[in-house]
Amino acid sequence: MALTQPEPGGLLQGPPAPRTGPLRGTLATTACMETLQVGYLHAVAAAAGCSLSQPFPDNGIDWHVSHGAPEHVVDDEVTVKVQLKATYQVPPRPPGATFGFTLDNEHLVKLARTPVAVHKILVVMLVPREREEWLSAGHDRLDLRHCCYWTNLAGHPVTGRRRTTVRIPTSRIFDDRALCEIMTRVGSGGTP
């Protein structure tokens, strides 16, 4: 039988305080953020009628999103490469027309390359710092917090020594309508 040792001051140490929420796993927060943004991408792609494939190995691009429609001019199915990033360092509903997001220069060079055969976009998800705030479910909905924004970095210059801050437009919310519009532009021979 183990006896509880007294704490300094003479009080016995009791059992741990009860949890106020569910017992969450010990997976690193960054790994959980990656999983959350993949779920967001899957939901958007499903609602837009797109298919997803994950390159292996990824070589710096996370996903290929394809959209088939007979109205496309360049091909009956077009593809856009998607790089996903997530941060809790930018608050929800960022004020202003853009917010800053920093990329390693090596990664920026890959996303900024032009011309390309397959266009690339960067999708940045803003998430709450605490995991218990990431989603809520009800009988009629599943809410993921906070939001994903997208941008096309083609031609963007490298300005930092090792990392460069790019500006992400707050008007470019990444949802099913935005993805359909991106694919329509690409399908007509344009850019995202």
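**A friendly note on this predicted chain**

1. Among contacts (heavy atoms within 4.5 Å) in the chain between residues at least 6 apart in sequence, 63% join residues at least 24 apart. Please keep in mind that this is a predicted model, in which local features need pLDDT of at least 70 and side-chain atom pairs count only at pLDDT 80 or more, while totals for chains, interfaces and linings use all residues. Residues are numbered from 1 along each chain as its sequence is written, and side-chain values use heavy atoms, with hydrogens and water left out.

2. Here is the overall fold. Three helices and nine strands make up the secondary structure of the chain; helices (H or I, at least four residues) and strands (E, at least two) are DSSP runs, numbered from the N terminus. Their order along the sequence is α-β-β-β-β-α-β-β-β-β-β-α.

3. On dimensions, the chain has a radius of gyration of 22 Å, whereas a compact globule of 192 residues would have one near 16 Å. That radius is taken over C-alpha atoms, and the globule rule is 2.2 Å times the number of residues to the power 0.38. Along the principal axes, the C-alpha atoms fill a box of roughly 80 × 45 × 35 Å.

4. Next, surface and charge. Of the 192 residues, 33% count as buried, where buried means under 20% relative accessible area, exposed over 50%, and partly exposed in between (1.4 Å probe, protein chains only). The accessible surface of the chain is about 12,200 Å², and 52% of this belongs to carbon and sulfur atoms; the areas come from the Shrake-Rupley method with a 1.4 Å probe, and for residues only the protein chains shown count as cover. The 19 positive and 18 negative charges have mean positions 8 Å apart. Lys and Arg count as positive and Asp and Glu as negative, with His and the chain ends not counted; each charge is placed at NZ of Lys, CZ of Arg, CG of Asp or CD of Glu.

5. Thr 164 deserves a look. This residue sits in strand 9 (residues 163-169) and is buried, with a relative accessible area of 0%. Its side chain forms a polar contact of 2.6 Å with the side chain of Asn 105. A polar contact is a pair of N or O atoms within 3.5 Å; within protein, one must be able to donate a hydrogen and the other to accept it, and residues adjacent in sequence count only if both atoms are side-chain atoms. A polar atom of the Thr 164 side chain also lies 3.2 Å from the backbone nitrogen of Gly 160. Not counting residues up to four places away in sequence, Thr 164 touches several others, including Phe 101, Leu 103, Leu 108, His 156 and Val 158.

6. Thr 151, in strand 8 (residues 147-151), is buried at a relative accessible area of 4%. A polar contact of 3.4 Å links its side chain to that of Arg 172. Leaving aside neighbours within four places in sequence, the contacts of Thr 151 include Ile 121, Leu 122, Ile 168 and Pro 169.

7. The loop between helix 2 (105-112) and strand 5 (120-126) holds Pro 115, and the peptide bond from Thr 114 to Pro 115 is cis, with omega near -5°. Val 116 lies in the loop between helix 2 and strand 5 and is partly exposed, with a relative accessible area of 28%. Val 116 and Ala 154 are 38 residues apart in sequence, yet 8.9 Å apart in space, C-alpha to C-alpha.

8. His 119 is also placed in the loop between helix 2 and strand 5, and counts as buried at 19% relative accessibility. In space, the C-alpha atoms of His 119 and Thr 79 are 7.6 Å apart, while the two residues are 40 apart in sequence. The His 119 side chain reaches the backbone oxygen of Gly 190 at 3.3 Å. Beyond neighbours within four places in sequence, its contacts include Val 80, Lys 81, Val 186 and Pro 192.

9. Some backbone geometry is worth checking by eye. Pro 57 belongs to the loop between strand 1 (51-53) and strand 2 (63-68), and the peptide bond from Phe 56 to Pro 57 is cis, with omega near -10°. Asn 59, found in the loop between strand 1 and strand 2, has a positive phi near 50° and is exposed, at 58% relative accessible area. Arg 93 likewise has a positive phi of about 50° although it is not a glycine. Its place is the loop between strand 3 (77-87) and strand 4 (98-104), where Arg 93 is exposed, with a relative accessible area of 77%.
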